[in-house]
Amino acid sequence: MCFLDGSPHEDDKRAYDEGRQWETGMLHSGCANPIACCLAMFAPHCCACYLRDLAIQGDRSKYMCCQGYFCPSCVQSCTDCAQESDFQYGCCLCLEVFFCECLAISATRHYVWDERQITTDPCDNRIIRFNNCMQLLRCFCMILAIIDNNFRSLADLVDHIAQIVYCLTQACMQAQTHLELKIHPTVNDYGTIDSQPRTSDKAPLLANQGQPGGWVQPSQPYPQQPGYPQQQQQQQQPPPYN
C-alpha cells in the first residue's frame with residue numbers, strides 16, 4: 001500500500017470509529033515527549049523492555065512473545081517459559097527485544113492500541129508505511145549491489161537513509177506509547193467512550209426536519225431552577241364571539 005494513503009487497511013480490526021484518540025500522534029510525539037523520544041533514539045532496546053513491562057503492569061501472566069501479534073504458534077514455548085518465574089520473564093523479554101527489536105516495539109504499541117480501543121491515526125499510518133517502503137527499497141538496492149557492483153554506492157546511500165528513517169520512526173512510536181501510558185497507566189483511567197461527544201450526537205442540535213422551524217423539542221422538561229417557586233400555568237379560555 002502506498003505510504004501517501006493514511007487510511008486503515010480494509011481488514012484492520014483496529015479501525016475504531018467510536019474509539020479514543022492518542023494523546024499525541026507520532027508526528028508530534030518528539031515535541032510532546034522529548035525526553036522519551038531521545039532515550040528511545042539512543043537506547044531503543046532498554047526503552048522497549050521498559051514500555052512492555054509498563055504496558056502489562058509488570059504482570060508476567062499477560063506477557064507473550066511479541067504479545068502474540070507475530071507468529072504466535074512459533075513462540076508459544078517462549079511464552080510458556082516466561083510465565084514460570086520473574087527471572088525467566090525478564091530473560092525472554094530481553095531476548096525478544098534484542099533479536100526482534102522492531103516487532104517488539106510494534107507489539108507493545110499494538111497491545112496498548114487494542115486494549116484502550118484507540119482510533120487509527122492517518123498520519124501515523126503514513127509514517128509507518130514510509131518507513132516500510134524505505135526498508136524494502138534498501139533491500140532492493142542491496143540485491144542490485146550484489147548483482148552489479150556499480151550499484152554499491154547507491155545501496156550504501158539508501159541504507160544510511162533507511163537506517164535514519166527507522167531510528168526516527170521507532171523513537172516517535174515509543175515516545176507516543178510512553179506518553180499514553182504515563183497519562184493513563186491503566187485502561188480504567190480513561191473516561192467512558194459513550195460520555196465523549198460524537199458528531200452523530202451533535203447533528204440533531206443543528207436542525208430537525210421533524211419539528212417546524214428546525215427547532216428541536218426536548219424529550220424531557222427543563223429542570224426547575226432553584227430559588228423560584230414553581231408556578232402552575234393557567235389555561236385561558238378563548239374570548240366569546242359576538
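Close-up 1. R116 is buried, at a relative accessible area of 0% (buried is under 20% relative accessible area, exposed is over 50%, and partly exposed falls in between, using a 1.4 Å probe and protein chains only).

A quick note on the model: it's predicted, so local features need pLDDT of at least 70 and side-chain atom pairs count only at pLDDT 80 or more, while totals for chains, interfaces and linings use all residues. Residues are numbered from 1 along each chain as its sequence is written, and side-chain values use heavy atoms, leaving out hydrogens and water.

**Close-up 2. D86 and R60.** Here the closest N and O atoms of the salt bridge sit 2.5 Å apart. D86 belongs to helix 5 (residues 86–99) and R60 to the loop between helix 3 (44–55) and helix 4 (76–82), so this pair ties together parts 26 residues apart in sequence. Helices are DSSP runs (H or I, at least four residues), numbered from the N terminus. D86 is exposed at 52%, whereas R60 is partly exposed at 26%.

**Close-up 3. R138 and D159.** This salt bridge has its closest N and O atoms 2.3 Å apart. It links distant parts of the chain, with R138 in helix 7 (residues 122–147) and D159 in helix 8 (residues 152–183), 21 residues apart. R138 counts as partly exposed at 24% relative accessibility, and D159 counts as buried at 14%.

Terms used
Salt bridge = Lys/Arg side-chain N within 4 Å of Asp/Glu carboxyl O. Helix = DSSP H or I, 4+ residues; strand = E, 2+ residues; numbered from the N terminus.
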